[in-house]
Each structure stands twice: as C-alpha cells, then as structure tokens.
Amino acid sequence: MSARVFISRDSGALCVGADEVARALFKAAEKRGLDIEIVRTGSRGMYWLEPTIEVARPEGRIGYGPAKPSDIDSLVDAGMLEGGKHPLSLGLAEDIPFFKKQTRLTFKNCGIVDPRSLEDYKAHGGYQGLAKAIAAGPEAIVEEVVNSGLRGRGGAGFPTGIKWRTVAQTPPQQKYIVCNADEGDSGTFADRMIMEGDPFVLIEGMTIAGIAVGATYGYVYIRSEYPHAIEAMEIAIRRAREGGTLGASVAGSKYAYDMEVRVGAGAYVCGEETSLLESLEGKRGEVRAKPPLPAHVGLFGKPTVINNVLSLASVPIIMSDGATYYREFGMGRSRGTMPIQLAGNIKHGGLFETAFGMSLGDLVDEIGGGTRTGRPVRAVQVGGPLGAYFPRALFNTPFDYEAFTAADGLIGHGGIVVFDDTVNMARQARFAMEFCAIESCGKCTPCRIGSARGVELVDKIMAGEERAANITVLEDLCNTMKFGSLCALGGFTPYPVMSALTHFPEDFGASPKRLEAAE
Ligand SMILES: Cc1cc2nc3c(=O)[nH]c(=O)nc-3n(C[C@H](O)[C@H](O)[C@H](O)COP(=O)(O)O)c2cc1C
Ligand code: SF4
C-alpha cells in the first residue's frame, strides 16, 4: 500500500531545505522500491520544526523534524513510513503542545490540505460557507458577518460587516473587492501562510464578499517579496475558475464573480488602503485624503470593499458554522480568534491562532518559550513597525483591541517581535523614525519632515547633546506627528518612539557604557 507523506512547500519551510528533504525522500523510496506519495502542503506554523515530514497513519499524521536530507536514510530505516520511532519523532502532529493549545478557525486547513487541489479543499469542508451564502443571499450574508463581530485583521480593527454594509447600500454599479496582501509589518507572515497553504479559503471569502455587496470582480494585491504566495494564488484562482467556483455563474448560481492577482512594487505605505488603490490603478503609491471612503469611492472611483487576507479568510467559517459559533470565542469587543505571529528573538517562532484574551506574557513566555538566545526578554514590539514596545511590566495585557489601546499600543496585524536584554531602545526609537522617513509617501509635512527631524533628535539624545531639552522636543514632535499626519504611518510612528522613551528611559540617557555595549 502506498504511504502518504506530507512536506510543506511554505516559504518558511523552503528556506530551511524542505525541497531538498522532499527530493531526498523521493530518491530513498525509489532506491528501496517503496511506494510513496509526497503531498506538498502549507505549514502548520511551527517554524522551528521545519522541514517537518508528516506520515499519514490510521491514528493521524505522525511528525518527524526538523529533518535534513542526510536524515532521510535513517528515518526510512527506522520505519518512518509506518510511523516508527526515531530521534526526530514528534509524535502525532496535532498533539504537539504548541499546536494543541490553539483554536484553529481561520487556519484550520493550513498545513493539512494540498493548496493546489480544489478537490482536497472541498474534501476538508471547503466551499460549504459559499453554498450557505448563495442560499442566504446578499443581505443575510452582510448581517451574518456583522453579527460575528469580525473586525479587520489588517490593523485598524474596523468591523468588517459594517464596511460591507456600506458598500452593499451604495447604488448598484460596478463594485470591487480588494484583498490587501501587502503584509509589510515586521514579524508578520500570517497572510503569506494562508495564501501559500490554503489559498482557496481566501478565494472563497472574497467570493462571498462579492456576492454580499454586489461586486463582480476582485483583486488580491500581493507584495512582490512573496513569490510563492503569488504562484499559489494564481494556481488556485485558475483551478477555482476551472472548477466553476469563479466565473459567470459561481457554483452554478445567478451570481458572477472573478478575480486576479496584482503584484505590488515594494513600499510599506502601499499597504495603506488608499495608497494601495492608487498603486492598483497604476499610479504612484500615495495616500488619498478621506473622505470619500473607499467604500463609496474606491478602486477606479467605484465602491470598494478593501479587507486584509485574514479578515476575508475568516468569512467562510463564519458562513459555514454561523456567526454565533464564531463570536463565542474572544473577549469584549474582540470576537473570534486571532492568528498571532511570534517572531524575533524567540525560541518557538511561528503562528499561534487563539481566541482573543490570552495575555501577552503567556504568549511570549509560555507559548513562545522565551528568547532563542536564552537571555531575559526585555521588550516586545506588538503590531508591526508602528506598534508600541511593551516592557515585562505590561505583560499581563490581554490580547484584545481595547486593552492594547488602553496600554498605548495596538494589536495591528498580530505580530509580536521579541527582544532580549541586549537591545538598546533608543536605537529602536531611532529605527522607527528612520523607517518612517524612508517609507513616507511624502504627502504631508508632519510625516515627511517630522520623521527626518526625529532621527536627528534621537541621534542628539543618544550622543548626550542637550539631552533633557531634546527629549522635550522629541515628545513635542511626536505629538505633532500623531495628531497632524494624514495617515497612520506618520500618525503611529510616535507609538514605538514614545513607548521606548516611556518604558526604557535609561536607554536615552546616552550612558557611554550602554552605547558601547550595543556597538
Ligand atoms: C502605513 C500603513 C500600512 C498598512 N499596511 C497594511 C498591510 O500590509 N495589510 C493590511 O491588510 N492592512 C494594512 N494597513 C491597513 C489598511 O489601511 C486597511 O485598514 C486594511 O487593509 C483594511 O482591511 P481590514 O479592515 O480587513 O483590516 C496599513 C495601514 C497603514 C497606515
Ligand atoms: S503620514 Fe506619511 S505616509 Fe501618511 S500621508 Fe502623510 S506623508 Fe504619506
């Protein structure tokens, strides 16, 4: 009987040798005359265990990893294809504590299904949400998404259903669905994982959005640094079209919906929704003043739903299992689950999907296992380059939109970047200003000029030049940027700067000892 083996094709697995491992296994099986089928999946998100080999057994998938090509002979000799024991044995993949502790709703199929097979997606429950959506009709879909409590996972946390309702209620005309897959936040990779590991769930979510608001066409705007995601999405769109779930009659219904991939040219600000729309129209990625909202005047001047990958990929389960089921998870106004991405100096880096409400400290210390260097955790930045730095004293903050806002921070796209005690927070503040200066679209003065002045000020503070006075000017500058910028790039850069200054003032003392140590 043929053995079924699963090896990830996710970029995170490829860059540590997953292709080489798959090739070595294929050759070893050929040499021994063994009948095996190697299925290339996405990743389960336990990156420190990649490349992982999983073998299908009656009791479930048995994992082995992290595997190198040179491990293959001993693995096969140890009876890996029958689930045999080996020093690299991980046991049942679903029982690995990091995986078992999760609540996988959006990522339920990621790392499990073959991302190139529409049939496999359907066999794992795919397109049941679409079937219910078609039966329910546009108004009922919008109400279901509103009732689920789903909020945008791209950063701003705006209720997805309300956005859809606005587009649905604009007079009938050409409307668009735009998926924001620019994913520029530091330490984030959840969008990429979905597109590489379960692209049909995103296509299904976008199709449901199209039916809900009366849009017949959609675009996925993917950053150019994601070649594997681009390829995976293009293949899946083609297969969905061939399978009849995209096209003039979606799944045989009266609704038409089709979509395509567009590739960004590499600018952080093109993740900002209006800048993204400019870029999609073939123009320079510059932020548009709001109003009008994209929901009224969006792509090519038409009403447009623009949502993050995770927001759209959460819709199929909301439709298939119901808003009530989805909103049972979470706390306060943060409903459902959040795919949290653990990155930076962390022992167990990867994707951890859980209901809102887990504390930041539990995520970093218990789930992430502390730092990879083994040194104490000193700071974590949550929410990308515009997110605040949290000291240990705030580690009891629950992962919840409102709790993070109350702590002068933001959840953003759910990225957590961990730093140990060798970090110099004044340098991190400088980096935040420098990043803003480099990535600024240049449209407004507080951001364009303020960020350049911010770099100079932090340099002076670090050099001990009129320190107290320059710290006061830096605070004043941060206020100007926060309240005077047109978009959140300039408006939120003060978060990392001010949090570094507030929680780690000693690093701004330009103590020669500390600066020397950081050289
Ligand atoms: C500078 C900047 C960069 C952004 N980058 C992204 C991004 O990469 N992906 C994303 O989904 N949203 C990003 N956003 C947020 C988008 O403007 C927008 O809020 C989001 O796409 C809406 O989708 P959602 O409601 O599903 O979150 C960014 C915002 C700013 C100000
Ligand atoms: S804040 Fe910066 S990125 Fe945003 S519009 Fe102003 S100049 Fe452009």
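Reply: Beyond its neighbours within four places in sequence, T41 is in contact (heavy atoms within 4.5 Å) with F6, I7, S8, R9, D10, G111, I112, V113 and P115. This is a predicted model, in which local features need pLDDT of at least 70 and side-chain atom pairs pLDDT 80 or more, while totals for chains, interfaces and linings use all residues. Residues are numbered from 1 along each chain as written, chains are lettered from A and ligands numbered from 1 in written order, and side-chain values use heavy atoms, without hydrogens or water.

T41 belongs to strand β2, residues 36–41; strands are DSSP runs of E, at least two residues, and helices runs of H or I, at least four, both numbered from the N terminus. The relative accessible area of T41 is 3%, so T41 is buried (under 20%; exposed is over 50%, partly exposed in between, with a 1.4 Å probe and protein chains only). R284 is 243 residues from T41 in sequence and 36 Å away in space, C-alpha to C-alpha.

F6, one of the contacts of T41, has R61 over its face, at 3.5 Å from the ring centre. The charged end of R44 likewise sits over the ring of F99, 4.9 Å from its centre. The rule asks for NZ of Lys or CZ of Arg within 6 Å of the ring centre and within 35 degrees of the ring normal.

Aromatic pairs number 16, counting rings of Phe, Tyr and Trp (its six-membered ring) with centres within 6.5 Å; planes under 30 degrees apart are stacked, over 60 edge-to-face, the rest tilted. Y389 and F419 make an edge-to-face pair, with 5.8 Å between centres and 65° between planes. Because Y389 is in strand β15 (residues 389–391) and F419 in strand β16 (residues 415–420), the pair ties together parts 30 residues apart in sequence. Y389 is buried at 2% relative accessible area, and F419 is buried at 17%. Elsewhere, ring pairs link Y176, Y217, Y219 and F300 into a cluster.

Helix α11 (residues 227–242) has buried residues A229, I230, A232, M233, I235, A236, I237 and A240. Their cover includes α5 (118–123), α9 (190–197), α10 (199–213), β7 (217–222) and β8 (258–263). After α11 comes G244, with a positive phi near 85°.
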